Amino acid sequence: MPLHKSQVRGDDLLFRLLQGDVGRGELENNLLREFQKDYPLSKLRLLLNSTDDRMVAAGIWIASELGAKARPLFADIVRLIRHRLKQVRFFALDCIATCATPQDGNVISLCLDGLEDTEPAVIWKTMTFIVNASPLLLRAAMAREITSEAGLVSTRAQGLALALDPSNPHNVAKIISFLGGTDALLRRYAAAAAVRVAQHDPRPLKNALISEDPIIRRFATDMAVRADM
């Protein structure tokens, strides 16, 4: 039985990528278009599971552009959250943001580890992950948090509580307080919560815009532009 035209074209593009013709963009874009048609999604695993970082980077970018359609590759994508290349971690977060379900609490928790990444771009992407996550996804992550034996609430639990209910007047005050605090991780959760509440109360985001923390200030500036504030 003759191969479908898209299958032949997809195989040719994929072969060329696997032979090392990566990093120029045209092949990756053309292959993405074939996956958006009817080229078998399973073949993207050849890139995602490659030992060549360039192939992995190309594959995870394609997966991120496929949005929720990449869900069948979820397990392959999750493995890349801690990849050594920052761009792979970045686009893995992008994929999970569109593919995760409330049953993926463990994975969402792994994503939140990105707030402590060494790369500002990955921290930025993780904060946008929190901004855009549905309450169901955030609650799934919250369910993973437990109170310590000393009765202390974890930093992550505090941060998620702000993101889940940012318009609560008590939480608005906390967001503003954390934005000016000494705990870098809480500042990052607070910045994400500030964006989530911005349409209701712009004060936290305005505070983030003048933060002395360059990561927070840049993130707030980017989000304010997107929100046309």
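Helices here are DSSP runs of H or I with at least four residues, and strands are runs of E with at least two. By that count, this predicted model has 14 helices and zero strands.

The C-alpha atoms fill a box of roughly 65 × 40 × 30 Å along the principal axes. Take the contacts between residues at least 6 apart in sequence: 66% of them join residues at least 24 apart. Of the 229 residues, 49% are buried.

Now look inside. In soluble globular proteins, nonpolar side chains tend to be buried together. The largest nonpolar core in this model holds 76 residues. Leu-31, Leu-44, Ile-60, Ile-77 and Ile-96 touch the most other members. Helix α12 gives this core its largest share, nine residues. Ile-60 shows the packing in detail. Beyond its neighbours within four places in sequence, Ile-60 contacts Leu-48, Ile-77, Leu-80, Val-88, Phe-91, Ala-92 and Cys-95.

Asp-201 sits in the loop between α12 (184-197) and α13 (203-209). Its relative accessible area is 12%, under the 20% cut-off, so Asp-201 counts as buried. The side chain of Asp-201 makes a polar contact of 2.7 Å with that of Arg-203.

Technical notes: Residues numbered from 1 in each chain as written. Predicted model: local features only at pLDDT ≥ 70, side-chain atom pairs only at ≥ 80, totals over all residues. Heavy atoms only, no water. Buried < 20%, exposed > 50% of the residue type's maximum accessible area, 1.4 Å probe, protein only. Polar contact = N/O pair within 3.5 Å; in protein donor to acceptor, adjacent residues only side chain to side chain. Core = buried A, V, L, I, M, F, W, Y, C linked by side-chain atoms within 4.5 Å. Contact = heavy atoms within 4.5 Å.
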